[in-house]
Amino acid sequence: MKRTHFVVKLESYEGKDTHLRCGDDDETQDYLFCVVVTKSDGTAEIVDTGYRSEDELRKAWPEI
């Protein structure tokens, strides 16, 4: 079976016209981990996010 779920680390980004802010309330980290699923049409979608560490994510999603 082809793998469809992936672990992705999202890092904060401040661009000229766009931005992505990730992290915790204490601002001690500027990234989060998420689960991405790939679709048969070649696109991907974030299906779960907000994990502070890869270990935390893998405990919630042991099948990945």
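1. E56 is partly exposed, at 24% relative accessibility; in this classification, buried means under 20% relative accessible area, exposed over 50%, and partly exposed in between, with a 1.4 Å probe and protein chains only. E56 forms a salt bridge with R52, with the closest N and O atoms 2.8 Å apart. A salt bridge is defined as a side-chain nitrogen of Lys or Arg within 4 Å of a carboxyl oxygen of Asp or Glu.

2. This is a predicted model, in which local features need pLDDT of at least 70 and side-chain atom pairs count only at pLDDT 80 or more, while totals for chains, interfaces and linings use all residues. Residues are numbered from 1 along each chain as its sequence is written, and side-chain values use heavy atoms, with hydrogens and water left out.

3. A search of the whole structure finds six salt bridges. One of them joins the side chains of R58 and E54 at 2.9 Å, N to O. R58 and E54 are four residues apart in helix α1 (residues 54-60), and therefore are separated by about one helical turn. Both ends are partly exposed: R58 has 33% relative accessibility, and E54 has a relative accessible area of 35%. Helices here are DSSP runs of H or I with at least four residues, and strands are runs of E with at least two, numbered from the N terminus.

4. A further salt bridge links the side chains of E45 and K39, at 2.8 Å from N to O. E45 is partly exposed with a relative accessible area of 38%, and K39 is likewise partly exposed, at 40%. E45, in β5, stands opposite V37.

5. Three strands form an open, antiparallel sheet in the order β1-β4-β5. β1 (5-11) and β5 (44-51) are the edge strands, each with a single partner, so one side of each lacks a neighbour in the sheet. Neighbouring strands are turned by 30° against each other on average, direction ignored; the axes are lines fitted to C-alpha atoms, and angles run from 0 to 180 degrees between N-to-C directions. Strand β4 (residues 31-38) is joined to β5 by six bridges, where pairing requires at least two DSSP bridges.

6. The largest nonpolar core comprises five residues, F33, V35, Y51, L57 and W61. Such a core is a set of buried Ala, Val, Leu, Ile, Met, Phe, Trp, Tyr and Cys residues joined through side-chain atoms within 4.5 Å. Not counting residues up to four places away in sequence, Y51 touches L32, F33, E56, L57, A60 and W61, contact meaning heavy atoms within 4.5 Å.
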